[in-house]
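User: I want to learn how to read helix packing in a model. Can you take me through one case?

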Amino acid sequence: MSVSEVVLIKQHLIDPEVCIRCNTCEETCPVDAITHDDRNYVVNAEVCNACGACLSPCPTGSIDHWRVVARDKVFSLAEQFGWDELPTIEQAGATTADDSLATLVGGDDAPSQLNAAVSPASTQAPHSAATPQTNLHGVKNPIIATVAGNLRLSAEGASGDVRHIVLDFGSLPFPVLEGQSIGIIAPGTDANGRAHHPRMYSVASPRTGEREGYNNLSLTVKRVTESDAGEPIPGVCSNYVCDLHKGDTVQVTGPFGTSFLMPNHAGSNLLMVCTGTGSAPMRAMTEQRRRLRAAGQPVPGRLTLFFGARSPGELPYFGPLTKLPPDFIDTRLAFSRVPNQPREYVQDRMRQRAADVAELLRGDTFVYLCGLKGMEIGVLEALRDACASAGMDWPSVHQRLVDEGRFHVETY
Ligand code: NAP
């Protein structure tokens, strides 16, 4: 047997079909191996050390792709910038044929070691979560939904235009669980003449449908009119979605998400913290438990919600939320821009309820954070302080929550 040495590496790649271009991976990468152009996020194989720091913060799982390739044939940045989808394993072209001696840099078990990397959020779903369906439809085979409703949620005169969009799938199967997301492909092309990539939205309805028994779901979408820096920039997909009419058809991908899911076992409490349209998954989970209660079934555990918005008129689902009985859900709202009132954020409300928060963290509780990226630090500090005032050590509590699939974060 002739023996030629082929050095193989597991090249880290990002799935352009699923990536929502939220920049989390690029911000997280400790060695600056991730970069982007106006289309794709890509990984520089010459720089990436496969440390795995970027994996769990990724909200979609698009970051967690690997191809075994010969070290001298890695996919270049230019190639990755040009992709609309990942290359297949066959296209990656590496083999471990009998006549070659393959040396796998990083070892055979590299991906599993990476998945076990210490992370600030759980990559595992709660142990009693239902099994999610994922990636049933991609950009090549989107499912077509029909708009069944488009209702403005924000009050007239509010600065933000927030919409409750209902999509119906007719007789086509598209099962989703609370906490999962879907992609929407806006029609038309971008400045380079290429089809728009899908934008992700969290599902705001429970597994039984926005209208119970119907094959539909809802989304909470805010019209984007300016960039983070305040420049006027119309969001391609949010404007498309906010302008949809009943009867219009929409291209949908997904469902996505395998860990930001709710527990179903008796005694499981939910501690939900959200800002703005980050309330979508919290509404889905709350509605799932509200329906159990309405059907006379036992509600598995306590619900606690900290919810921040600029004003009551900007807070999605304000009316229905305030009608939920306090013995069903303990709700604390924080408003930041109400005239003549001090600015309040969710973390301020959490501090006011530190003893209750600490008691929840001691018990059988699952924590969910969703909304603005900026809220993360403040919320983590509030959790740390709540633990400290109850004589608990936040780093070890946090680690236990992460390890047990109890700490879920989706912020953009
Ligand atoms: P928003 O109206 O801009 O803000 C909501 C509230 O959060 C405001 O009161 C705001 O206060 C406050 N806030 C700002 N910075 C904060 C901080 N550092 N800590 C705590 N609170 C802070 O929110 P939005 O426009 O709806 O944005 C929601 C976010 O959720 C977006 O980033 C979106 O991408 C994300 N998201 C959406 C979905 C979905 O399905 N639609 C799903 C997941 C995540 P100020 O008065 O200071 O602005």
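Analyst: Start with α9. Its buried residues (buried: under 20% relative accessible area, exposed over 50%, partly exposed in between, 1.4 Å probe, protein chains only) pack against β12 (269-275), β13 (303-309), α8 (346-352), β15 (365-371), α10 (375-389) and α11 (394-403). Contact means heavy atoms within 4.5 Å. Helices (H or I, at least four residues) and strands (E, at least two) are DSSP runs, numbered from the N terminus. This is a predicted model: local features need pLDDT of at least 70, side-chain atom pairs pLDDT 80 or more, while totals for chains, interfaces and linings use all residues. Residues are numbered from 1 along each chain as its sequence is written, and side-chain values use heavy atoms, leaving out hydrogens and water.

User: Which residues of α9 are buried?

Analyst: An α-helix has 3.6 residues a turn, so residues three or four places apart point the same way. In α9 (residues 354-362), Ala-354, Val-357, Ala-358, Leu-360 and Leu-361 are buried. They cover an arc of only 160° around the axis, so they lie on the same side of α9. That arc uses the directions from the helix axis to the C-beta atoms. The face turned away from the buried side carries exposed Ala-355 and Arg-362.

User: At what angle do the axes of α9 and α10 cross?

Analyst: Two packed helices are described by the angle between their axes and the distance between the axes. Here the axes of α9 and α10 come within 8 Å and cross at roughly 85°. That makes α9 roughly perpendicular (65 to 115 degrees) to α10. Ala-354, Val-357, Ala-358 and Leu-361 of α9 meet Leu-383, Ala-386, Cys-387 and Ser-389 of α10.

How values were computed
Axes are lines fitted to C-alpha atoms, for helices over the stretch in contact, and angles run from 0 to 180 degrees between N-to-C directions. Angles under 35 degrees count as roughly parallel, over 145 as roughly antiparallel, 65 to 115 as roughly perpendicular and the rest as oblique.
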